[in-house]
Amino acid sequence: MERAVIEQGTLSVIIMELINFDSLVADFDRKSVFALMIELAGELRKLSRNKATIFHYKDENQLVLLCPNLDFDGTSLLSLETLGIINEREWRINDKGVVLDVVLGYAALGEKEMSGEEIMQIAENILEMQKV
């Protein structure tokens, strides 16, 4: 965050939550679902042209993409492309096709200086609004 502010750059965050995580674990197993999430993270890394840092977030069904030098419009576009990949690709666990039900929340650091907690709170609020 400090680096983005000092360099007057941008920094974006996208939180992705797999809504049907529990039902997938019930149908398969936790290890297989986590393997699928790792595969999804790899696809998201490719989508970001290897610029995003992807990591596990608060809950076991959440991933975060931290994207340096990406403004709010770019973050919106990356979010749409993420949903496109998730919906267009055939996802499989143990050779059985599965549907990934995801919601996204995102925020971008730009003109207004924010703390790490503030940018994550904005993304979390958008994520929660998607669930309603």
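**View 1. Lining of the largest pocket.** Thirteen residues line the largest pocket, and L47, S48, R49, L70 and L78 sit nearest its centre. A pocket here is an open set of points on a 1 Å grid over the protein atoms alone, with protein on both sides within 12 Å along at least five of seven lines, and lining residues have an atom within 4 Å of a point. Its volume is about 250 Å³. With four residues, α4 gives the largest share of the lining. This is a predicted model, where local features need pLDDT of at least 70 and side-chain atom pairs pLDDT 80 or more, while totals for chains, interfaces and linings use all residues. Residues are numbered from 1 along each chain as its sequence is written, and side-chain values use heavy atoms, leaving out hydrogens and water.

**View 2. Helix α3 from end to end.** Helices are DSSP runs of H or I, at least four residues, numbered from the N terminus. Just past α3, R49 has a positive phi of about 60 degrees.

**View 3. Around L18.** Skipping neighbours within four places in sequence, L18 is in contact (heavy atoms within 4.5 Å) with L24, V33, M37, N61, L100, D101 and V102.

Notes:
Helices (H or I, at least four residues) and strands (E, at least two) are DSSP runs, numbered from the N terminus. On a 1 Å grid over the protein atoms alone, a cavity is a set of points where a 1.4 Å probe fits but cannot get out, and a pocket is an open set with protein on both sides within 12 Å along at least five of seven lines; lining residues have an atom within 4 Å of a point. Grid points are joined across faces, edges and corners, and a volume is the space filled by probe spheres set on the points.
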